[in-house]
Amino acid sequence: MLRAILIDPFLRVISEVSVNGDLQSIYDILDIRSLAIVNIDNTNSLYIDDEGLLNNSNSLFKIASYAQPLAGSALVVAHNEEGETVETTISIDQIRSMVEWVDYVTPEEVLEANPPKIYSWDKDGNFKEELL
């Protein structure tokens with residue numbers, strides 16, 4: 001069994017888990033149909049749901065090495081020179097320091113916080129700002 005780190009944005013928990021390294025067990029742990037890989041460094045990667053933003057858009061997190069928010073659970077593993085999955089070389093504390101939980105915001109909440117405005121100048125050259 002290999003040491004891996006599970007990032008669970010549903011419960012906002014990061015924990016160590018054991019995996020046997022075969023692809024089917026990773027699919028089962030993450031409960032996914034399609035896999036995407038996000039590199040953390042030259043050795044370690046995240047296995048994540050390729051359809052996460054479609055299926056789990058309310059369970060988001062960011063990781064320091066990747067700008068885009070990620071959705072759904074993720075598994076941190078490493079790879080050897082032959083490309084085989086091996087146990088991660090990153091500590092759980094390092095992963096905890098790299099992960100930021102992201103709160104989901106609806107489009108309506110964005111509009112409420114930043115209502116659209118019209119900017120114009122009147123005939124005397126005075127600047128005007130009006131809400132739509």
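Author: A search of the whole structure finds six salt bridges, a salt bridge being a side-chain nitrogen of Lys or Arg within 4 Å of a carboxyl oxygen of Asp or Glu. This is a predicted model, where local features need pLDDT of at least 70 and side-chain atom pairs count only at pLDDT 80 or more, while totals for chains, interfaces and linings use all residues. Residues are numbered from 1 along each chain as its sequence is written, and side-chain values use heavy atoms, with hydrogens and water left out.

Reader: Which residue forms a salt bridge with Asp103?

Author: Arg12, with the closest N and O atoms 2.6 Å apart. Asp103 sits in the loop between strand 9 and helix 4, and Arg12 in the loop between strand 1 and strand 2, so the pair ties together parts 91 residues apart in sequence. Helices (H or I, at least four residues) and strands (E, at least two) are DSSP runs, numbered from the N terminus.

Reader: Is Asp103 buried or exposed?

Author: Buried means under 20% relative accessible area, exposed over 50%, and partly exposed in between (1.4 Å probe, protein chains only). Asp103 has 56%, so it counts as exposed, and Arg12, at 39%, is partly exposed.

Reader: Where is Ser45?

Author: Ser45 belongs to strand 4, residues 44–49, and is buried at 2% relative accessibility. Its side chain makes a 2.9 Å polar contact with that of Asn39. For a polar contact, look for a pair of N or O atoms within 3.5 Å; within protein, one must be able to donate a hydrogen and the other to accept it, and residues adjacent in sequence count only if both atoms are side-chain atoms.
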